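Please look over the sequence and the model below before reading on. The report that follows moves from the chain as a whole to a few of its parts.

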Amino acid sequence: MTSVTTFLIDPNRLFREGMKRLFDGSRFDVIGEAACIRDSAASEAQMVLIDPASSEIAAETFQSLREAHPKARLVVLTGELDAQRLAAALRAGADGYLRKDIASESLMQSLTLVMMGEKVFPTELAALLIAGQGEGMITSQPTQRKGLSQRETQILRCLLNGNSNKMIANHLGITEATVKVHLKSLLRKINASNRTQAAIWAMNNGVGDEASTSVPAMV
């Protein structure tokens, strides 16, 4: 099991201590910690777990964080699911956005997916969008399907559930390589830069109202 060097940024010292105990003996090796972004020392961490203040969720702040931890994937681990904070984290380029009340097993699984290159966000994202609270999460949203194939639409439904490429492949009976080809094509058609934006586009354009997949959400 390959070790993942991890840096913790959280204002609560007791919480940081708890996270270190949780990660003890796991693949996530905590190599440093800080109470806030400005106190974060440069490191070679592969992952940064952060609970930033509202003022710290900005593109320039995340950019400075990436400069301090150039090899790291950035995951927001916060106590509340706020549409505006979530939208800001998305725009700033966070690799994940998770709630602190997540089960430890689900947290480990989610962080593993992030290290595999997945974007991991809470399943409540869809609920926020349905309620109209996710406005502005992407800068432009097409109003038409733009010629999506049936397979591409199926993949969009899977993205709404937060499924990984492997899960999509298993559910649709195709290879992961084929999933990647379809995903690249549909991202181009709907002018989205990643799978999270694609899921948001799908919800805003009624894809979620059609026959849905039975694949469970990841987190």
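A disulfide is here a pair of cysteine sulfur atoms within 2.5 Å, and by this rule the count comes to zero disulfides. In general terms, a disulfide is a covalent bond between the sulfur atoms of two cysteines. This is a predicted model, in which local features need pLDDT of at least 70 and side-chain atom pairs count only at pLDDT 80 or more, while totals for chains, interfaces and linings use all residues. Residues are numbered from 1 along each chain as its sequence is written, and side-chain values use heavy atoms, with hydrogens and water left out.

**The chain as a whole**

Helices (H or I, at least four residues) and strands (E, at least two) are DSSP runs, numbered from the N terminus. With these rules there are nine helices and five strands in the chain, and from the N terminus on their order is β-α-β-β-α-β-α-β-α-α-α-α-α-α. A residue is called buried under 20% relative accessible area, exposed over 50%, and partly exposed in between, using a 1.4 Å probe and protein chains only. Of the 219 residues of the chain, 48% count as buried.

| Residue | Relative accessible area |
|---|---|
| Cysteine 36 | 12% |
| Cysteine 158 | 0% |
| Leucine 186 | 0% |

**Strand S3 and its partners**

Two strands pair if DSSP finds at least two bridges between them. Strand S3 (47-50) is joined to S1 by four bridges, and these two strands run parallel; within this pair, threonine 6 has methionine 47 in S3 as its bridge partner. S3 also pairs with strand S4 (residues 73-78) in the parallel sense, again over four bridges, and there valine 48 stands opposite leucine 74 in S4. In a regular strand the side chains alternate between the two faces of the sheet. In S3, Met47 and Leu49 point one way, whereas Val48 and Ile50 point the other way, and all are buried.

**The second largest cavity**

On a 1 Å grid over the protein atoms alone, a cavity is a set of points where a 1.4 Å probe fits but cannot get out, and its lining residues have an atom within 4 Å of a point. Grid points are joined across faces, edges and corners, and a volume is the space filled by probe spheres set on the points. By this rule the count comes to two cavities of 30 Å³ or more, and the second largest cavity has a volume of about 60 Å³. Its lining includes Leu8, Phe15, Met19, Leu49 and Leu77. The elements that give two or more residues to this lining are strand S1 (4-9), helix H1 (13-23) and strand S3 (47-50), and the largest share, three residues, comes from H1.

The expected span of a helix is 1.5 Å times one less than its number of residues. Helix H8 (residues 176-190) has 15 residues and reaches 21 Å from its first C-alpha to its last, close to the 21 Å expected. The buried residues of H8 include Val179, Leu183, Leu187 and Ile190. Leucine 186 also lies in H8, and its C-alpha atom is separated by 9.0 Å from that of isoleucine 155, 31 residues apart along the chain. Asparagine 191, in the loop between H8 and helix H9 (195-204), has a phi near 60°, a positive value in a residue other than glycine.

How values were computed
1 Å grid on protein atoms, 1.4 Å probe; cavity = no way out; pocket = protein on both sides within 12 Å on 5 of 7 lines; lining within 4 Å.
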